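The following note comments on selected features of the structure shown below.

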Amino acid sequence: MKAIVLAVLFLFIAANEAKVYSRCQLVSILRRNGMDGYRGYSLGNWICMAYYQSRYNSRFVGPQTSNGNRQYGIFQISSRWWCNNYQGPTANGCNKPCSAFINDDITDDITCAKRIVRDPNGMNAWYAWQKNCKGKNLSRWTRGC
């Protein structure tokens with residue numbers, strides 16, 4: 001009986017572990033979903049941004065701010081502007097609960113990221129992109145994939 005309980009516990013833990021994509025896995029997924037060149041941003045921009053935002057962790061949730069906002073998922077989508085976490089004010093521009101961005105299926109994350117870059121700020125919406133990727137040679141982020 002103890003062995004069965006431990007086996008179930010380990011299965012539960014494994015099922016709840018975050019999917020951390022490899023760089024080339026993410027390149028492949030984003031390429032298939034039309035991100036290379038989307039709104040003028042090369043694939044290197046997306047891969048670099050995702051690395052600095054979440055280290056490619058599909059279930060990463062950022063710390064809560066004083067007004068209840070957080071950032072969610074592989075692209076760290078903000079609850080203040082893009083999703084609803086039911087904990088603070090939101091514009092919910094992607095019309096999704098923030099929980100939609102913390103699972104291993106990043107299709108909705110990609111759809112929301114596309115929505116975000118259609119705004120006038122483009123990729124400047126992500127501070128990590130501004131600081132680490134903007135204006136840099138990003139060819140290394142897709143090399144070998």
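1. A residue counts as buried when its relative accessible area is under 20%, as exposed when over 50%, and as partly exposed in between. The model under discussion is predicted, and every value in this note is to be read accordingly.

2. Q53 is a residue of helix α3. Its relative accessibility is 13%, and Q53 therefore counts as buried. Beyond the residues within four places in sequence, Q53 is in contact with F60, Q71, I74, F75, Q76, W126, Y127 and A128.

3. Q87 belongs to the loop that runs between β2 (77–78) and α4.

4. The surroundings of Q87 may be described through its contacts. When residues up to four places away in sequence are not counted, Q87 touches Q64, N67, G68 and R70. The C-alpha atoms of Q87 and N69 are 7.0 Å apart, while 18 residues separate Q87 and N69 in sequence.

5. Helix packing deserves a separate point. Helix α2 (residues 23–32) packs with helix α3 (residues 43–54) at an angle of about 130°, and their axes are 10 Å apart. This angle makes α2 oblique to α3, and the crossing of the two helices is right-handed.

6. Which residues make the contact between α2 and α3? Helix α2 contributes R23, L26, V27, L30 and R31, and helix α3 contributes L43, W46, I47 and A50. By class, the residues of this contact comprise 7 nonpolar and 2 charged, with no polar ones.

7. The largest nonpolar core has 36 residues. Those with the most contacts inside this core are L26, L30, W46, F75 and W126. The elements giving two or more residues to the core are α2, α3 and α4 (107–118), and α3 supplies the largest share, namely 6 residues. In soluble globular proteins, nonpolar side chains tend to be buried together.

8. Leaving aside neighbours within four places in sequence, L30 is in contact with M35, D36, L43, W46, I47, F75 and I110.

Note on methods: Residues are numbered from 1 along each chain as its sequence is written. This is a predicted model: local features need pLDDT of at least 70, side-chain atom pairs count only at pLDDT 80 or more; totals for chains, interfaces and linings use all residues. Side-chain values use heavy atoms; hydrogens and water are left out. Axes are lines fitted to C-alpha atoms, for helices over the stretch in contact, and angles run from 0 to 180 degrees between N-to-C directions. Helices (H or I, at least four residues) and strands (E, at least two) are DSSP runs, numbered from the N terminus. Angles under 35 degrees count as roughly parallel, over 145 as roughly antiparallel, 65 to 115 as roughly perpendicular and the rest as oblique. A crossing is left-handed if the near helix is turned anticlockwise from the far one by less than a right angle, and right-handed if clockwise. Contact means heavy atoms within 4.5 Å. Ala, Val, Leu, Ile, Met, Phe, Trp, Tyr, Cys and Pro count as nonpolar, Asp, Glu, Lys and Arg as charged, and the others, Gly among them, as polar. A nonpolar core is a set of buried Ala, Val, Leu, Ile, Met, Phe, Trp, Tyr and Cys residues joined through side-chain atoms within 4.5 Å. Buried means under 20% relative accessible area, exposed over 50%, partly exposed in between (1.4 Å probe, protein chains only).
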